[in-house]
Amino acid sequence: PVCASFGMENLMCMCICVFVFFPPERVVPFLNRPVLPVLLLPSGQHLFSPNAICQHLTLLNEDSVNLVGELPSVRGWFKRVSQVPACEAAVQRVLQGKGLDALKNFLQKQPAPHIQRRDSPSSANATEVHNPLSKWKRESWNLPQEGKRNVLVTSALPYVNNVPHLGNIIGCVLSADVFARYGRLRGWNLLYVCGTDEYGTATENKAREEGLTPQEICDKYHAVHSSIYKWFQIDFDYFGRTTTEQQTEIAQDIFWRLHERGYLLEDVVEQLRCENCQRFLADRFVEGVCPHCKYPEARGDQCDKCGRLINAVELKEPQCKVCQQTPEIRSSKHLFLDLPKLEGELEQWLEKSMGSGDWTVNAKHITRSWLRDGLKPRCITRDLQWGTPVPHPDFSDKVFYVWFDAPIGYLSITANYTSEWEKWWKNPQQVELYNFMAKDNVPFHSVVFPCSLLGAQDNYTLVNNLVATEYLNYEDTKFSKSRGVGVFGDMAKDTGIPSDVWRFYLLYLRPEGQDSAFSWADMALKNNSELLNNLGNFINRAGMFVSKFFEGHVPEMVLQDEDKRLIAQVCWELKQYIQLLDKVRIRDALKCILNISRHGNQYIQVNEPWKKIKGGDDDRKRAGTVTGVSVNVACLLSAMLEPYMPTVSQTIRDQLQAPAHCARAMLYADRGFLCSLSAGHRIGTVSPLFQKLESEQIEALRKRFGGQQKGMAISQPRQALMFTKTSACLWIVFLLRITNCLLL
């Protein structure tokens, strides 16, 4: 009741200001000696002192706390203390009219408190106060709800031993994060899960390289992944891992159900064994010439060029990737998933899922090419040590193949999130499943994994919407950690460019229909033109007009035809934005935001409120209307930006002091463009949202991440390379003009 009626930010601000400027023993006597408990913790215990409550709420950062009773005395106390001159002076001294950012800076300069909280429960010190989030998450599971749209979002599990590069980030977790944030704003009951894929030979080899155990490698790099995604503001409901008891239990259960229903086969397999390394080679540790398209760097499980799945023994001129020796073919008995036996059922399900869901064109094409060639039994076991053990006694020395085991990680990660995981994963009647991935992962999510679940016959939730991107390259070449080519997730934050700008640019060039390429020059161009000169310019001008011309208060608005035309344009772009994001057209929806700010800049430029404010009453009223409409459009843009640039979105709302839930209010259930900032609303301090990326800075970054590749095109001076491209473009234009003249 206190948080809802008074506002969380005001509550925190007032409590902290009072603690700073008044002796602790004289603060909030009602809270120190309550009649009712004040804050009920998930453990069943209570926090009484205001200091403990504030610290708990600050660390928790949640709205869903359980305040017991109506607490009329507390509400009355806040009302009275807000009018005390000393408190008003304290607020002014700390905030200095700059909003809550000033409060954060002030608190960071204060010494850490060493107050003995006699009324806090002893267990709250470590568990409830200092790190309540882990336990709180367990107490607030998100489960499907009757009568709501229940959406389950997954992004392909990244290999734990690889540091993700920009292409990995946009292809999986960032795209899924945008959609998940959008879905929450729309009011969907949504769960977004992901985690690190930790089993397999790749982990074993990485452990051997670094002199660690496989588990130590997993622990080390799981933390690296978590840190990277946190910096990129990926808002998982739960980010887990596959090396868990739940993974073993669920994978082995699916295995036995397939075995009991006759969907597993035994066969002797010819495998590549490296005698130099004294081990059978996993598919991804063999490279050779593709037997189908002759691509020279095909992996042992798939060719990246033609997309065909292959067996490692089919490769021409195979090489062990560890020691570069030629492996030998040896025999070993393995278990296979009988895909041909499940093909009919799979095709029926695919026809229904593709017909009713949103599958990207490449996902449909890759899946149909698999079916066109005819399905073949797929091996699900491997001669490894690090993996989920096969429970069958005849295969006790083997583990599950990572592409049988890894997709089951979605289920086990959810099971680590909630013991009621089956309400998400065995509930196809109520749950819509969205899978996000790069195109190389499509066959395993559209054919192999669905066949495993169909064969298990346990009412599993199957994918309704399979969203696959093409590849993101780096400056016309491939990312390579070993050669120092490209930006990897752990490097991006060291560039000095904010994560929101990285998010924006990656989403702007998201490879939806074809491969795209990251370019430093283009990133600077998009930042300086689209963010700084277009979006940031409009929002800053709208806010500055309110501050400068109307003393920080939104003026009265008397709409004329020109205002209504702008509002109509904005509403149309908002409608397109919603339709596009509903269909997971993430890149195109971003353009709608930029279109709105362009309309807004033109609207301001034509109406010139900075001139009209100096005129007569009618001109001043007109300036007020233009300013009021503009600042409300800026507020709408903050809502639309939230899935794409969450920090910028929140900064805009903070500067405008917009209502806390205005973003959800405008996107929830197609409510449309609302006037969130009515006449008289007071905004906060307005400041620029973006900074220019200078050419010197960009050139330094380009050199830093350019690597040491050898080769004609790469080793040429940058000017020569640019001249070559420019010349080619000029020749094309010249030839087109000649052709046009001849046709005429």
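Two housekeeping points come next. What you see is a predicted model, where local features need pLDDT of at least 70 and side-chain atom pairs count only at pLDDT 80 or more, while totals for chains, interfaces and linings use all residues. Residues are numbered from 1 along each chain as its sequence is written, and side-chain values use heavy atoms, with hydrogens and water left out.

Leaving aside residues up to four places away in sequence, R382 touches D283, H334, K398, V399 and Y401. You'll find R382 in strand β14, residues 381-382. When I say strand, I mean a DSSP run of E, at least two residues, and a helix is a run of H or I, at least four residues, both numbered from the N terminus. Is R382 buried or exposed? It's buried, with a relative accessible area of 12%. For that label, buried is under 20% relative accessible area, exposed is over 50%, and partly exposed is in between, with a 1.4 Å probe and protein chains only.

Now the sheets. Two strands pair if DSSP finds at least two bridges between them. There's an open sheet of four strands, in the order β8-β7-β12-β13, with antiparallel pairing. At the edges sit β8 (279-280) and β13 (378-379), each pairing on one side only. Look at β7 (residues 264-274) and β12 (residues 328-337): they're antiparallel and share ten bridges.

Then look at β9, residues 286-289. Three bridges join β9 to β11 (residues 316-320), running antiparallel, and E287 has Q319 as its bridge partner in β11. β9 also has two bridges to β10 (residues 298-299), again antiparallel, with G288 opposite A298 in β10.

On to the packing. A nonpolar core here is a set of buried Ala, Val, Leu, Ile, Met, Phe, Trp, Tyr and Cys residues joined through side-chain atoms within 4.5 Å. The largest one has 180 residues, and those with the most contacts inside it are I254, W502, W520, Y577 and Y644. What does Y577 touch? Not counting residues up to four places away in sequence, the list is Y182, A589, C592, I593, M640, P643, Y644 and L667. Apart from that core lies another, of 14 residues, including L272, C274, A312 and C320. As background, nonpolar side chains tend to be buried together in soluble globular proteins.

Most residues other than glycine have a negative phi. N459, not a glycine, has a positive phi of about 60°, and N459 is in the loop between α19 (442-456) and β17 (465-469). At 41% relative accessibility, N459 is partly exposed. V584 also has a positive phi, near 60°, in the loop between α23 (561-582) and α24 (586-607). V584 is buried, at 6% relative accessible area.

Notes: Contact = heavy atoms within 4.5 Å.
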